[in-house]
Amino acid sequence: MLSTLQDLDLRFVAETADHADAIEDIAAQAFGPGRFTRAAERVRERSPHDPALSLVAILRGEVVGSVRLTRVAIGGSPVLMLGPLAVRPSFKKRGIGRTLLAMAADVAREVGERAIFLVGDRAYYMPLGYKPLPSGSVIMPGPVDEARILGLELAPDAWSGVRGRVEPRR
Ligand SMILES: CC(C)(COP(=O)(O)OP(=O)(O)OC[C@H]1O[C@@H](n2cnc3c(N)ncnc32)[C@H](O)[C@@H]1OP(=O)(O)O)[C@@H](O)C(=O)NCCC(=O)NCCS
C-alpha cells in the first residue's frame, strides 16, 4: 500500500482556506445533494470543523481527498467528530482514505484530544480501529442509524462513561 502512495507522489497537508472549493467539489461528487440533510451536517452548522485538525491529500497541486475533524462535546466530555471523509472517485482504492484517517488520528492525539467518533459504514471503519459505541450513548441532532455511530480511542478508556447530546464545545 505504501509503495502505491509513493508512486502517486501524494502529499498530505493541513487544510487551508485555499482548499475549500476543491473539498466542496469532492464532497458533492462523493455524497450528492443529500449531504446537507445529514445529522452530522447539523452538528457542523453549530460547530465548524477545525482546519488545523483537518487534512487534504494533494496530487500534483490538486486536492484528491479530504478529511475533517470538528471539536464537539458529548455530555460535557470533549471529543472530535470526524467527517466528511471523501476521495475523488478516480483516486479511490489506493490507500488515500485510510491514510487520511490515520493521519487525522495522529494529529488529534498530538494536540491532546482523547476520542473521535463518526457516522459511517462499519465495513470500512471497523478494520481501521473504529468500534460501535453503546446504543443511546451518542445523541445526534437529527435521525441517524445508531449502528453507524463508531468511535476510536486516542487515550485509554476515553469512551468510558461518555454519554449525551453532541453539542458545541464550550
Ligand atoms: C470511503 C472512501 C473515503 C474510501 O477512500 P479510499 O481512498 O478509496 O479508501 P482506501 O483506499 O483507504 O480503502 C479502499 C478499500 O475500502 C473499501 N471501501 C470503500 N468504501 C467502503 C465502504 N463503504 N464499505 C466497505 N468498504 C469500503 C474499498 O472497497 C477498498 O477495498 P480494497 O482495499 O479491498 O480494494 C471513498 O470510497 C469515498 O470517498 N467514498 C464516498 C464517500 C464516503 O462514503 N465517505 C465515507 C463516509 S461513510
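This is a predicted model: local features need pLDDT of at least 70, side-chain atom pairs count only at pLDDT 80 or more; totals for chains, interfaces and linings use all residues.
# Notebook: fold, ligand shell and selected residues

**Overall fold.** Following the chain along its sequence, I wrote the order down as α-β-α-α-β-β-β-α-β-α-β-β-β-β. I then looked up the radius of gyration, which is 15 Å and close to the 15 Å that the globule rule gives for 170 residues, so the chain is as compact as a globular protein of that length. Along the principal axes, the C-alpha atoms fill a box of roughly 45 × 35 × 30 Å. I noted that 33% of the 170 residues count as buried, and that, among contacts between residues at least 6 apart in sequence, 72% join residues at least 24 apart.

**Ligand shell.** Which residues are the closest to the ligand? I find 16 residues around the ligand, and the closest are Lys-92, Gly-97, Arg-98, Gly-120 and Ala-123. Sorting the shell by residue type, I get eight nonpolar, three polar and five charged residues. I also asked which elements contribute, and α2 (20-31), β4 (77-87), α4 (96-110) and α5 (122-125) each supply at least two residues of the shell.

**Helix α2 and the loop before it.** I checked the length of α2 against expectation: at 1.5 Å a residue its 12 residues should span 16 Å, and the end C-alpha atoms are 16 Å apart, which agrees. After α2 comes Gly-32, with a positive phi near 70°. In the loop between β1 (10-14) and α2 I looked up Asp-18, which counts as exposed because it has 9 C-beta neighbours inside 10 Å, where the cut-off for exposed is 12 or fewer. From Asp-18 to Asp-106 I read 23 Å, C-alpha to C-alpha, for a separation of 88 residues in sequence.

Leaving out residues up to four places away in sequence, I list its contacts as Ile-26, Ala-27, Ala-30, Gly-65 and Ser-66. Thr-99 is 13 residues from Ala-86 in sequence, and their C-alpha atoms are 12 Å apart.

**Helix α4.** I repeated the length check here: the 15 residues of α4 should span 21 Å at 1.5 Å a residue, and the end C-alpha atoms are 21 Å apart, which agrees. The buried residues of α4 are Ile-96, Gly-97, Thr-99, Leu-100, Leu-101, Ala-104, Ala-105, Val-107 and Ala-108. While reading that list I kept in mind that an α-helix has 3.6 residues a turn, so residues three or four places apart point the same way. Gly-112 follows α4, and its phi is positive, near 90°.

**Strand β8.** How many bridges join β5 (residues 115-119) to β8? I count five bridges between these two strands, which run antiparallel, and within this pairing Leu-152 of β8 is the bridge partner of Ile-116. Strand β6 (residues 131-132) also pairs with β8 in the antiparallel sense, over two bridges, and there Pro-132 stands opposite Leu-150.

Definitions and conventions. Residues are numbered from 1 along each chain as its sequence is written. A residue is near a molecule or strand if its C-beta atom, placed from the backbone, lies within 6 Å of it. Helices (H or I, at least four residues) and strands (E, at least two) are DSSP runs, numbered from the N terminus. Ala, Val, Leu, Ile, Met, Phe, Trp, Tyr, Cys and Pro count as nonpolar, Asp, Glu, Lys and Arg as charged, and the others, Gly among them, as polar. Two strands pair if DSSP finds at least two bridges between them. The expected span of a helix is 1.5 Å times one less than its number of residues. A residue is buried if 20 or more other C-beta atoms lie within 10 Å of its own, exposed if 12 or fewer, and partly exposed in between; C-beta atoms are placed from the backbone. The radius of gyration is taken over C-alpha atoms; the globule rule is 2.2 Å times the number of residues to the power 0.38. Two residues are in contact if their C-beta atoms, placed from the backbone, lie within 7 Å.
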